[in-house]
Amino acid sequence: MSRAVLALDIGGTKLAAGVVDRSGLVHSFLVEPSLADEGPDRVLARLFELGRRAVAESGVEWEDVEGVGIGCGGPLDAEHGVLLAPPHLPGWHDVAVTALAEDAYERPAVLENDATAAALGEHRFGAGAGTLNMVYLTISTGVGGGVVVGGRLYRGSGGNGAELGHVTVDWHGRPCRGCGRAGCLEAYASGTSISERMREALALADGGAASLNGVTATDVAALARDGHPIATAVWNETVAALACGLTSIVNLFEPDLVVIGGGVSRSGEQLLGPVRQWVRANAIAPGGRAADIVEAALGDHVGVVGAAAIAHDRIEEQRVATRG
């Protein structure tokens, strides 16, 4: 069997662990709530135990697990394996997560921005396989992204580049929970924003607010499909913001393909159809308008597949350097 790595994904709402081999095959996949407000010590203890269970359920022997790949939202220091101060993990400051993982598993560990890792996963094993230039956008609790240029991940000078969720779509707009600036794409297109704006709109309307207090982005999409006027307005604003931001991103990178993942993308063509139409009509021709926009292929596995791809690459780089 191809050698494998243990991949861990640290999200604001969930933790995931899986064992993934070099071909991208996922041998096990486990998820549990993050409970991030418990703090890094307790959350990481649960994450590392989740990882042990993932190996036990994978059918892969521990001696065939070469290392550990960890994906988490930034800002982070990937080179030194430190989580600096991720907004989705309040109170997590300067957490040396790879050192802790290496102590827990007695294997080398690597850290990467989760959306950057997911971009590599989709480029290598998913919807972007075979493309040279690709943009990946994940639309979930927040909005993240990753970019492949010339077949290689773009990371930026400090490893935190391609923060596509913080492209400005309205400089007088809503405050962004992720970075604190005004009018970011994340402030309009994220699942969190969709549900917030729906609640705000309901509160301004006569009646109905109490009955939909727990409304989610999935609910808003469903209500919009059924013709609910407030949900339709919120959804249309979401589509317009995403299309505006993505047009700028396409103009900047001129990719062959845009891949959109995350929970909000599960609305499928209800989201992608009008966004694709807008981008094709408004991106700079000819290159920008040639980019296709498709749904991600790896689904819920994208986080662990991406983190595993990063780990496999780093392990191979170290092996080559040792031989040299």
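In this predicted model, helix α5 (residues 191-204) packs with helix α6 (residues 217-225) at an angle of about 60°, and the two axes lie 8 Å apart. Angles of 65 to 115 degrees would count as roughly perpendicular and those under 35 as roughly parallel, so α5 and α6 are oblique to each other. On the α5 side the contact is made by G191, I194, S195 and M198, and on the α6 side by A217, V220 and L223. By class, five nonpolar and two polar residues take part in this contact of α5 with α6, with no charged residues.

Five strands form an open sheet of mixed pairing, in the order β10-β9-β8-β11-β12. Its edges are β10 (152-154) and β12 (292-295); each has a single partner strand, so one side of each is left without a neighbour in the sheet. From one strand to the next, the twist averages 25°.

Helix α3 (residues 114-125) lies across β8 (134-139), β9, β10 and β11 (257-261), and runs at about 50° to β9. Helix α7, in turn, packs on the sheet by touching β8, β9, β11 and β12, its direction making about 155° with that of β8. After α7 comes E254, which has a positive phi, near 45°.

Note on methods. Residues numbered from 1 in each chain as written. Predicted model: local features only at pLDDT ≥ 70, side-chain atom pairs only at ≥ 80, totals over all residues. Heavy atoms only, no water. Axes fitted to C-alpha atoms, helices over the stretch in contact; angles between N-to-C directions. Helix = DSSP H or I, 4+ residues; strand = E, 2+ residues; numbered from the N terminus. Parallel < 35°, antiparallel > 145°, perpendicular 65-115°, else oblique. Contact = heavy atoms within 4.5 Å. Nonpolar A, V, L, I, M, F, W, Y, C, P; charged D, E, K, R; others polar. Pairing = 2+ DSSP bridges.
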